[in-house]
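Okay, thanks for coming, everyone. Let me put the structure up and then walk you through a few spots.

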Amino acid sequence: MAHPTSDAVIRFEPDGFSLSGPRLMGRQSAGNGFLRAAVQGRLDGQVFGYTAMEHSAKRFASMVREFDPAAEPVWIPGEKKALLGVRRGVLSLADPTLAIYARLRQRIGPAKHSLCGVTHTLATAGTLEGISEILTEAVMPWDALVCTSTAALQVIHRVLGERADFLRWRFGPQTRLRFPQLPVIPLGVHCSDFTFTADDKAAARQVLGIADDEVAVLYVGRLLFAGKSHPYPAFTALQ
């Protein structure tokens, strides 16, 4: 069977992919790495981006060409949703907003293309509410929400399970509910970016004033117990 020419059309807004913004967070780093991999792994010359904003389309084009000048960025405007299925068949979302894009997809029909979102931080109330809406919008079994860990999968199961119980209580046990696919796929990294020689490590220790026999720990992320990670388990592990 012939392979498709590419994985997906990428829903693009700079805030989800650019590393040059005023507040860099993990989702931007993940989005940037994903876009870079999509450009490198394309099976033909074109990389498709979907956005309603012309300035976002121009930023998409410039980022694609930064990764590979030979790549051909193609913009699908927001009002031309029907082209998503014609071009690739899958709309890749850089976040878990399946409910929003399933609602928009209703204008052309739920079978016109698939949606594929991905989890990031799951502790905030707005994110959890958006995920629970998956069961009350036209999210289909051919859509997917990629869970970046088994812990994320457990959260999604709990949230959707609680909402399903409520909907069956509200509308009757015979209520039919449709769930998306929930594959567990950890976030990827470009391993070559983290290849350092012994001289590189020695130079870093010298700059930071860390002796050769001292243990150095690097934490990348937000120590925000309500929205990201509680510091206590990290401190316990270090101890």
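So, is Phe-12 buried or exposed? Phe-12 comes out at 1% relative accessibility, and the cut-off for buried is under 20%, so Phe-12 counts as buried. Keep in mind as we go that this is a predicted model.

Let's stay with the aromatics. A pair of aromatic rings is described by the distance of the centres and the angle of the planes. By the pairing rule, we get 3 aromatic pairs here. Take Phe-12 with Phe-17: the ring centres sit 4.9 Å apart and the planes are at 25°, and stacked means under 30 degrees, so this pair is stacked. Phe-17 is buried as well, with a relative accessible area of 2%. Bring in Phe-60, and you have one aromatic cluster made of Phe-12, Phe-17 and Phe-60.

Now over to a serine. Ser-56 belongs to helix 2, which covers residues 54–67. What does Ser-56 touch, if we skip residues up to four places away in sequence? Phe-12 again, plus Glu-13, Pro-14 and Thr-51. Ser-56 has a relative accessible area of 0%, so that one is buried too.

Last stop, a pocket. The second largest pocket has a volume of about 260 Å³. Which classes of residue make up its lining? There are 6 nonpolar residues, 2 charged ones and no polar ones. If you want to find the place on screen, look for Lys-201, Ala-204, Arg-205 and Leu-208, then Ile-210, Ala-216, Val-217 and Leu-218.

That's my tour, thanks.

Definitions and conventions. Residues numbered from 1 in each chain as written. Predicted model: local features only at pLDDT ≥ 70, side-chain atom pairs only at ≥ 80, totals over all residues. Heavy atoms only, no water. 1 Å grid on protein atoms, 1.4 Å probe; cavity = no way out; pocket = protein on both sides within 12 Å on 5 of 7 lines; lining within 4 Å. Points joined across faces, edges and corners; volume = space filled by probe spheres on them. Nonpolar A, V, L, I, M, F, W, Y, C, P; charged D, E, K, R; others polar. Helix = DSSP H or I, 4+ residues; strand = E, 2+ residues; numbered from the N terminus. Buried < 20%, exposed > 50% of the residue type's maximum accessible area, 1.4 Å probe, protein only. Contact = heavy atoms within 4.5 Å. Phe/Tyr/Trp six-rings, centres within 6.5 Å; stacked < 30°, edge-to-face > 60°.
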